[in-house]
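Morning, everyone. I have one structure to walk through today. Please look at the screen.

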Amino acid sequence: ARAVAAAREGLGLPPADVAVLSLDWRQVSPDSDAPSLKGVDVVLATDVVYDEALGRSLFGVLVAATDASPEAVVLLGVQYREDDPS
C-alpha cells in the first residue's frame with residue numbers, strides 16, 4: 001500500500017484508498033455470502049494454481065468476487081511448469 005501511495009504521489013495523482021487483504025479461497029463459494037468481497041476493485045493473485053482442487057476453489061472465489069463487485073478486475077499471474085522437469 002505504501003508503494004502505491006508513493007507511486008501515485010510521484011505521478012501527481014491524488015491519494016487512493018488501498019487495502020491489501022489475504023483470503024483463504026477454500027472458505028468462499030459462489031453461493032456463500034462473502035461481505036469481504038463487496039466493493040473489491042482488483043483481485044490480484046500469482047502462483048496460486050498448482051493443485052486442481054485449489055484451482056476449483058479459486059474459481060469459486062473469482063466468481064463470488066465478480067458477482068459481489070461486477071466492475072472488479074481480476075489479474076492472475078501464471079507460470080507454466082512441468083511436473084517432471086527431467
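Start at S69. Its side chain comes to 2.8 Å from the backbone nitrogen of G39. Keep in mind that this is a predicted model. Where does S69 lie? In the loop that joins helix 2, residues 52-68, to strand 2, residues 73-77. Is S69 buried or exposed? Its relative accessibility is 6%, and buried means under 20%, so S69 counts as buried. Beyond four places in sequence, S69 touches L37, K38, G39 and V40.

Now step back to the whole chain. The protein chain has two helices and two strands. Along the sequence the pattern reads α-β-α-β. There are 86 residues in the chain, and buried ones make up 20% of them. What about the contacts? Take those with a separation of 6 or more: 68% of them join residues 24 or more positions apart.

Here is one residue pair to look at. S57 is in helix 2. From S57 to D24 is 33 residues in sequence and 9.2 Å in space, C-alpha to C-alpha. Setting aside neighbours within four places in sequence, S57 is in contact with W25 and R26.

W25 comes up again in the core. The largest nonpolar core has 13 residues. Which residues have the most contacts inside it? They are W25, V28, L37, V43, V48 and L58. Strand 1 and helix 2 each supply at least two residues of this core. The largest share comes from helix 2, with six residues.

Look at V43 in particular. Leaving out residues up to four places away in sequence, V43 touches L62, A65, V73, V74 and L75.

The largest pocket holds about 830 Å³ of space. Twenty residues line this pocket, and the closest to its centre are A19, L21, V40, V42 and V43. Which elements give two or more residues to the lining of the largest pocket? Strand 1, residues 42-46, and helix 2. Strand 1 gives the most, with four residues. By class, the lining has 14 nonpolar, three polar and three charged residues.

The second largest pocket has a volume of about 200 Å³. Eleven residues line this second pocket. Nearest its centre are V49, Y50, Q79, Y80 and R81. The lining of the second largest pocket has five nonpolar, two polar and four charged residues.

One backbone point to finish. Most residues other than glycine have a negative phi. D47 is not a glycine, yet its phi is positive, at about 55°. Where is D47? In the loop between strand 1 and helix 2. Is D47 buried, exposed or partly exposed? Its relative accessible area is 45%, so D47 counts as partly exposed.

S69 is buried, with its side chain at 2.8 Å from the backbone nitrogen of G39. D47 has a positive phi and sits in the loop between strand 1 and helix 2. Over to you for questions.

Notes:
Residues are numbered from 1 along each chain as its sequence is written. This is a predicted model: local features need pLDDT of at least 70, side-chain atom pairs count only at pLDDT 80 or more; totals for chains, interfaces and linings use all residues. Side-chain values use heavy atoms; hydrogens and water are left out. Buried means under 20% relative accessible area, exposed over 50%, partly exposed in between (1.4 Å probe, protein chains only). A polar contact is a pair of N or O atoms within 3.5 Å; within protein, one must be able to donate a hydrogen and the other to accept it, and residues adjacent in sequence count only if both atoms are side-chain atoms. Contact means heavy atoms within 4.5 Å. On a 1 Å grid over the protein atoms alone, a cavity is a set of points where a 1.4 Å probe fits but cannot get out, and a pocket is an open set with protein on both sides within 12 Å along at least five of seven lines; lining residues have an atom within 4 Å of a point. Grid points are joined across faces, edges and corners, and a volume is the space filled by probe spheres set on the points. Ala, Val, Leu, Ile, Met, Phe, Trp, Tyr, Cys and Pro count as nonpolar, Asp, Glu, Lys and Arg as charged, and the others, Gly among them, as polar. A nonpolar core is a set of buried Ala, Val, Leu, Ile, Met, Phe, Trp, Tyr and Cys residues joined through side-chain atoms within 4.5 Å.
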